[in-house]
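Dear colleague,

Please find the structure below, followed by a short account of what was found in it.

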Amino acid sequence: MPVALQTVALLVASNVFMTFAWYGHLKSMNNKAWYVAAIVSWGVALFEYLFQVPANRIGHTTMSVGQLKILQEVITLSVFVPFALFYMKEPIKLDYAWAGLCLCGAVYFVFRS
């Protein structure tokens, strides 16, 4: 499997866990004390790191740190928007499209050379 595909797949998995660790407790644990939510989130975040660390190590064999970071941000938005819409039931916002457009520009500038 190509390095870029391995990196993207691992970063997608990492970002799914990251999104639930950071925001999932707002829906599923909103009646629990903040420290209970924090402990559960830390447990979920462990899985984020189990995917993120190998993704960055694999990706860094062919990409710069800047390229890895921008790639991660694009994947974060790609995971976050469906999460916000479908899991958190938040309304769709045009701002998501503008943010995506800005990230497309960032991808262009980081990967153009």
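What covers the buried residues of H4? The cover includes H3, where contact means heavy atoms within 4.5 Å. This is a predicted model, in which local features need pLDDT of at least 70, side-chain atom pairs count only at pLDDT 80 or more, and totals for chains, interfaces and linings use all residues. Residues are numbered from 1 along each chain as its sequence is written, and side-chain values use heavy atoms, with hydrogens and water left out.

Helices are DSSP runs (H or I, at least four residues), numbered from the N terminus. The buried residues of H4 are Tyr-96, Gly-100 and Leu-103 (buried: under 20% relative accessible area; exposed: over 50%; partly exposed: in between; 1.4 Å probe, protein chains only). Seen down the helix axis, they fall within an arc of 60°, so they line one face of H4; the arc is that of the directions from the axis to the C-beta atoms. The face turned away from this buried side carries the exposed residues Leu-94, Leu-101, Cys-102 and Phe-109.

The structure holds 11 aromatic pairs (ring centres of Phe, Tyr and Trp, its six-membered ring, within 6.5 Å; planes under 30 degrees apart are stacked, over 60 edge-to-face, the rest tilted). Phe-80 and Tyr-96 form an edge-to-face pair because their centres are 6.4 Å apart and their planes at 85°. Phe-80 belongs to H3 (residues 65-87) and Tyr-96 to H4 (residues 94-111), 16 residues apart. Phe-80 counts as partly exposed at 22% relative accessibility.

Yours sincerely

Technical notes: Helices (H or I, at least four residues) and strands (E, at least two) are DSSP runs, numbered from the N terminus.
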